[in-house]
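Hi,

Here is the structure I promised to pass on.

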Amino acid sequence: TQEGSGPSDDFNTQAALLLNEEPLDPKCFTRCLEDLTCFWESRDPPNPLDYGFFYVVEGDTPQHCNLSVGRTPWNTVRFSCIFPPQDTPSFTSLHLRAYISNSSNIVHARTIMVNQVVLLDPPSNLTARATETPGQLAVRWQPPYLRYLESSLRHEVAFAAEGAEPQMVDIPDGHTECLILNLQGRTRYTLAVRVRPDGVSYSGYWSAWSASVTVVT
Amino acid sequence: TQEGSGPSDDFNTQAALLLNEEPLDPKCFTRCLEDLTCFWESRDPPNPLDYGFFYVVEGDTPQHCNLSVGRTPWNTVRFSCIFPPQDTPSFTSLHLRAYISNSSNIVHARTIMVNQVVLLDPPSNLTARATETPGQLAVRWQPPYLRYLESSLRHEVAFAAEGAEPQMVDIPDGHTECLILNLQGRTRYTLAVRVRPDGVSYSGYWSAWSASVTVVT
Amino acid sequence: SPPRPMCDTRVMEKFIKEAKDAEHAMGGCTNSCNFTEVLTVPDTKVNFNEWKKMDRQTQAAEVWGGQALLLAALLRARELVSDPSVAQQLSRTYSNLRGVTQVLRSHDAQVEPASPPAPPPTLSVQTLPKLLSVHSNFLRGRVKLFLTDACRTDAG
């Protein structure tokens, strides 16, 4: 994956997460607080595809952003703006406007803060092993890279016995391991973990789920 | 101990800590950021003891400092300069020069920042008590008081069973208590704690160890 | 509405650590990091004896005035450097400092004092390493001290 340079190859994954979680347009996300991508999708874009986009960093002059246009796997057209690095300040209001060119028709308007639209890569290297005590699993994983904010992360571990509903465990304060107790013995469990900022100073969206692992208690 | 007025009666203690940790001369320390003491020691000082010392606060004119001279318990001669309070600026470079009088021979030259040579008093009121769970100790202490450093402190707790090698626990983020797990039951442990700045905005040296306490698990 | 006062110490710690990283990354840069003009930046020096005697408005004026100078200097420096990776670094630093500005604003650092304050003490710099060193020391020093006191007051 790219580091700090806007959407990765997983842009479709990230877009799908935001389409699920974020009702407002344009949808925006930052992966490491030094980048910012905003986009919206349309089933019936105007023809020719002449949208325009500008933004205002609070206290600054409006800036125009060149939109990328592309078709998505779910058959919409996606319009996206990748912000230049000097215009991604946290804790600052960022006013966004999408309009139809050659008109003053605003199609989308929204005000965001970069620190409130964090969408991290999923955790990696998830492992779970049965402990000596029956019915316990020791679980650990690697958090995504978010420099100097390790302790501001909140993880969620999901685990499910075969055929059963998954249960969730909330892991606060950037911890990257946990012990799950009171499981059924000799049962096959599947686990996965996801991450988001803890919401104190940085907030945003749940990451995608990590690759899952399966283990027998 | 004195507050904010240069070296205390413990100057020998502080000198011993710095002689251990700091290879460069002159060695310098501040106890509360409003004071600064620099010194160096010599086994064979010139006779007569005619060293000179001056310093330059960045952007300012050179200032001369009168050296105190004294013999140490370890049989060296210590030359020290206690800075006047108006010349102890943090977050700026302070250039130091020691020279032989009546010559231009620089014997020691060094550039420091006051906020990077913090040497705190040791923590006090250390207590350790066995918890209800066998093999556990709840430990707490009082950090040295410094208005601007509270959350920037890092402590180290040392504990040892009688006759065994001490083990260390690192306590980050200014926390002043910890729980030590997995100790042997019904054993006498001795504990002590020391403190230093965490290195982000302030750095420096490990303090002396606190008075130790002994407790049975 | 103004942003809520921000007293999460992790926020300034992150800005400070990134400022130190930038300082270290560019510390060895020599010729190509000399500017063709002199930039005015805030003095970073803090004498604790004096700082604690200063009233809050004077502290605020020094921090806010210094912040404005530093933002202008970083913006100008970005125009003066030719190396794209250096320009990129300066863009990130500038963006971070804008974030710091908002943290200060949330603590009313920008409130104008009744009588116009003396201009903040300044330094002149002509190299990128020196500019980034000033940036890092300004954040660690005056900005953090101001915020530490502001958060103590807010809490009380």
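One definition before the notes: buried area is the accessible area (1.4 Å probe) that two parts lose on being put together, summed over both. This is a predicted model, where local features need pLDDT of at least 70 and side-chain atom pairs count only at pLDDT 80 or more, while totals for chains, interfaces and linings use all residues. Residues are numbered from 1 along each chain as its sequence is written, chains are lettered from A and ligands numbered from 1 in the order in which they are written, and side-chain values use heavy atoms, with hydrogens and water left out.

**Chains B and C**

Between chain B and chain C about 2,100 Å² is buried, and carbon and sulfur atoms give 45% of that. On chain B's side, F91(B), Y148(B) and V200(B) supply 36% of the area that the chain buries against chain C, more than any other three residues. Taking contact as heavy atoms within 4.5 Å, 25 residues of chain B and 23 residues of chain C take part.

There are also 14 residue pairs in polar contact between these two chains, both residues at pLDDT 80 or more. Polar contact here is a pair of N or O atoms within 3.5 Å; within protein, one must be able to donate a hydrogen and the other to accept it, and residues adjacent in sequence count only if both atoms are side-chain atoms. Salt bridges (a side-chain nitrogen of Lys or Arg within 4 Å of a carboxyl oxygen of Asp or Glu) between chain B and chain C number 4. R152(C) and E150(B) meet in a salt bridge, at 3.8 Å from N to O.

**Salt bridges elsewhere**

Over all chains, the search finds 34 salt bridges. R147(A) and E18(C) form a salt bridge at 3.8 Å, N to O. That pair crosses between chains, from the loop between β10 (137-142) and β11 (153-161) of chain A, where R147(A) sits, to helix α1 (residues 9-26) of chain C, which holds E18(C). Helices (H or I, at least four residues) and strands (E, at least two) are DSSP runs, numbered from the N terminus.

Is E18(C) buried or exposed? E18(C) has 8% relative accessibility and counts as buried, whereas R147(A), at 24%, is partly exposed. For those words, buried means under 20% relative accessible area, exposed over 50%, and partly exposed in between (1.4 Å probe, protein chains only). Both residues also belong to a network of salt bridges that links E34(A), R147(A), K14(C), E18(C), D21(C) and R92(C).

Within chain B, D170(B) pairs with R154(B), the closest N and O atoms being 3.2 Å apart. The pair links distant parts of the chain, with D170(B) in strand β12 (residues 167-171) and R154(B) in strand β11 (residues 153-161), 16 residues apart. D170(B) is partly exposed at 44%, and R154(B) is partly exposed at 29%. In chain C, D8(C) and R10(C) form a salt bridge at 3.0 Å, N to O, and D8(C) is buried at 16%.

**Disulfides**

How many disulfides are there over all chains? With the cut-off of a pair of cysteine sulfur atoms within 2.5 Å, the count is 6.

- C65(A) and C81(A) have their sulfur atoms 2.1 Å apart. C65(A) lies in the loop between β4 and β5 (68-71) and C81(A) in strand β6 (residues 77-82), so the bond ties together parts of chain A that are 16 residues apart in sequence. Both cysteines are buried, and the S-S torsion is about 105°, so this disulfide is right-handed.
- C28(B) and C38(B) are joined at 2.1 Å, S to S, and the link is right-handed with 110° about the S-S bond. Both are buried.
- C29(C) and C33(C) have their sulfur atoms 1.8 Å apart. Their torsion is about 80°, so this one is right-handed too.

**A sheet in chain A**

Lastly, an open sheet of 4 strands runs in the order β4-β3-β7-β8 in chain A, with antiparallel pairing. Strands pair if DSSP finds at least two bridges between them. β4 (63-64) and β8 (106-112) stand at the edges, each with a single partner strand, so one side of each has no neighbour in the sheet. β7 (residues 94-100) and β8 of chain A pair over 6 bridges, and Y99(A) has I106(A) as its bridge partner in β8(A).

Cheers
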